[in-house]
Amino acid sequence: MHGESVNPDDDAAMDSYIGLRDAYSRIGVKASLPISDDITTYGQLELPIDSVNLAVQDPWDQNADIRIGKVGVKGQFGDLAYGQMWMPYYNAIAYPVDMFSTYYSGFATYTTFRKGDTVSYYSPTFYGLSAAAAYSEDNGVDDDDRFQATLSYNIGDLTLSAGLDDLRGEDDLKIWGGSLMWQVTDALYVGAKYEQHDSKIDSGYGADGD
């Protein structure tokens, strides 16, 4: 929980206020079950706790009462999961610069964070290279299906990633991104991200080239 003082420039849209806000508290449980020497099944459930309003709900989207709810299987072949989860594009592209836990986290990217009805796959790492992909039903533009793919290369304390978030829809909206994560020393971390829209939109949100 944190305190905040908000004083918008446009006070016609919203008045100034001082108050309390929950910074994404959550409670969760996960379990795993090995079914062979190489394959393990697992499940994870994570609920949002809005401590200010004493409710099981996301402080930002108060209609959401589940953060994570997924089942999966992993082994030498990688990690395959289904449910509501963090999306591969966010993990590879947005996370490197979205690392501070406050109510206002997450505004460093145009992509989504977590989506339900999603199938994801994370590959093993081969010589520093790894890949991930996801199919998310009805979670694109205009209730179209959404596809994501990422590729990462790790060498020592440096990780470089590239990714695509394909929201489809009438305007064929895509987001391309690249990121860098570098743990320079134990005390110094450097993160960087670049994203660009690719679409049939001429102006406004999602305009081609923005």
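1. Secondary structure. Helices (H or I, at least four residues) and strands (E, at least two) are DSSP runs, numbered from the N terminus.

2. Basis of the values. Because the model is predicted, local features need pLDDT of at least 70 and side-chain atom pairs count only at pLDDT 80 or more, while totals for chains, interfaces and linings use all residues. Residues are numbered from 1 along each chain as its sequence is written, and side-chain values use heavy atoms, with hydrogens and water left out.

3. Overall dimensions and burial. Along the principal axes, the C-alpha atoms occupy a box of roughly 60 × 45 × 45 Å. Of the 210 residues, 34% count as buried; buried means under 20% relative accessible area, exposed over 50%, and partly exposed in between (1.4 Å probe, protein chains only). Among contacts with a separation of 6 or more, 43% join residues 24 or more positions apart, where contact means heavy atoms within 4.5 Å.

4. Annotated span. The unreviewed UniProt entry lists residues 25–200 as "domain: Porin". UniProt positions are given in the numbering used here, feature names are shortened, and annotations may be inferred rather than shown by experiment. In the model, this span is 4% helix and 55% strand, and its end C-alpha atoms lie 39 Å apart.

5. Largest nonpolar core. Six residues form this core: Tyr89, Ala92, Ile93, Leu167, Leu173 and Ile175. A nonpolar core is a set of buried Ala, Val, Leu, Ile, Met, Phe, Trp, Tyr and Cys residues joined through side-chain atoms within 4.5 Å. Helix H1 (88–94) and strand E11 (173–183) each supply at least two of the core residues, and H1 gives the most, with three. Beyond four places in sequence, the contacts of Leu173 include Val141, Leu167, His197 and Tyr205.

6. Largest pocket. The volume of this pocket is about 740 Å³. It is lined by 27 residues, of which Tyr24, Asp58, Trp86, Phe113 and Arg114 are the closest to its centre. Strand E6 (78–86) and strand E7 (114–122) are the elements that give two or more residues to the lining, and E7 provides the largest share, three residues. The lining divides into 12 nonpolar, eight polar and seven charged residues. Here Ala, Val, Leu, Ile, Met, Phe, Trp, Tyr, Cys and Pro count as nonpolar, Asp, Glu, Lys and Arg as charged, and the others, Gly among them, as polar. On a 1 Å grid over the protein atoms alone, a pocket is an open set of points where a 1.4 Å probe fits, with protein on both sides within 12 Å along at least five of seven lines; lining residues have an atom within 4 Å of a point. Grid points are joined across faces, edges and corners, and the volume is the space filled by probe spheres set on the points.

7. Positive phi angles. Leu54 is not a glycine, yet has a positive phi of about 50 degrees. This residue lies in the loop between strand E4 (39–49) and strand E5 (68–75), and Leu54 is exposed because its relative accessible area is 77%. Asp172 likewise has a positive phi, near 50 degrees, and is found in the loop between strand E10 (158–168) and E11. Asp172 counts as partly exposed, because its relative accessibility is 32%.

8. Lys70. This residue lies in strand E5 and is buried, because its relative accessible area is 19%. The C-alpha atoms of Lys70 and Gly83 are separated by 4.2 Å, although the two residues are 13 apart along the chain. Outside four places in sequence, Lys70 touches residues including Tyr42, Gln44, Tyr82 and Gly83.

9. Asp144 lies in the loop between strand E8 (129–136) and strand E9 (146–155), and is partly exposed because its relative accessibility is 25%. Leaving aside neighbours within four places, Asp144 is in contact with Asp138, Asn139, Leu167, Arg168 and Gly169. Met181, in strand E11, is partly exposed because its relative accessibility is 23%. Its C-alpha atom is separated by 9.3 Å from that of Asn154, 27 residues apart along the chain.
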